[in-house]
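Below is a short report on a protein structure, written for a reader who has not seen it before. It covers annotated regions, domains and salt bridges.

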Amino acid sequence: HSKMATVPLGFNIDTPRWDQSTFVGRLKHFLNITDPRTVLVPEEELDRAKALVEGCRVGLVPPGSSQEQLLYAKKLYDSAFHPDSGEKMNLIGRMSFQVPGGMAITGCMLQFYRTVPAVVFWQWVNQSFNAIVNYTNRNAASPISLRQIGVAYVTATGAALATAVGLNLYTKRAPPLLARWVPFAAVAAANCVNIPMMRQQEIINGITVTDGDNNELGCSRRAAVKGIAQVVVSRITMAAPGMIILPIIMEQLEKFAFMQRIQVLHGPLQVLLCGGFLLFMVPAACALFPQRCSLALADLEVELRDSIVAKHGDKVPYVYFNKGL
């Protein structure tokens, strides 16, 4: 049993390193935890990072631990463990896998958009990936049954396919660029269905809201709706630049003779370019809204508002909750 040192004074491992009330601060935070390099870190090192973080929380760390080591352990911990339950998340569902996973699937959706079977296959792959990500990052406080997950998955896939196949038939006579934008329309439509369906428990029962000092005040459905709406906007924003700008780039590139000679490389090229967009867009989209979402007292359900005013008078102008990812 080795001696444990105490944590440096005034250092709290759970305090964000960057100001989370500003977009730039949140961007730095998410650049840190969505760093795709953390996908390659071996399991033992992740477990060591978790032990270090948990030790740090109770005030004990191995002697000679530098603040840098502690912060790196926290980065690994945030990238691989669920924030509510502390369980290790499956690799595919981690935010750090969003870039490699997303670039492969998005590149293929953008490349194989011409035939209906290819559209059906890649939209299905994308929705399966989304379902795993949403399930992995769910709010642990509102559990969702396997049946509900199944229904959410089927409806989201249905929405994506209906949009993609429907628009594909519709764009036969349209300018070619419009056909290349169909995958984005399908992804956006599916997100509008998938995320609310996956998190329906929160919409039905409400999510816990707290005051500024984290004291629970009750459950609000309106808070859930606001949080989930922000997540939908974030997810669509994440996909938008790559899926809107890339087709324009490819449309121009494919006019060149050398590009027509190397048709076989178009797929890999799109995948790489998607990766470039996602490297920046995943953290930027996650950073759009503060993770700790707020709602004015006036916007809450009447019953909840009355009970808060009865208990606290006008001391609680805003309630706070975690919006999830």
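## Annotated regions

The unreviewed UniProt entry places the feature "transmembrane region" at residues 150-170, 228-249 and 269-289; UniProt positions follow the numbering used here, feature names are shortened, and annotations may be inferred rather than shown by experiment. This is a predicted model, in which local features need pLDDT of at least 70 and side-chain atom pairs count only at pLDDT 80 or more, while totals for chains, interfaces and linings use all residues. Residues are numbered from 1 along each chain as its sequence is written, and side-chain values use heavy atoms, with hydrogens and water left out.

## Two domains

The protein chain is assigned domain 1 (5-81) and domain 2 (95-322), with bounds from an automatic or database domain assignment. Taken over C-alpha atoms, the centres of domain 1 and domain 2 are 27 Å apart. Their contact (heavy atoms within 4.5 Å) takes 13 residues from domain 1 and 16 residues from domain 2.

About 1,100 Å² is buried between domain 1 and domain 2, and carbon and sulfur atoms give 74% of this area. Buried area is the accessible area (1.4 Å probe) that two parts lose on being put together, summed over both. R26, F30 and T34 supply 43% of what domain 1 buries against domain 2, more than any other three residues.

Between the two domains there are zero salt bridges, a salt bridge being a side-chain nitrogen of Lys or Arg within 4 Å of a carboxyl oxygen of Asp or Glu. Helix α1 (residues 23-33) gives six residues, the largest share of the side of domain 1 that touches domain 2.

## Salt bridges

The whole structure has nine salt bridges. One of them joins the side chains of K75 and D35 (2.9 Å, N to O). K75 lies in helix α3 (residues 67-80) and D35 in the loop between α1 and α2 (43-57), so the pair ties together parts that are 40 residues apart in sequence.

How values were computed:
Helix = DSSP H or I, 4+ residues; strand = E, 2+ residues; numbered from the N terminus.
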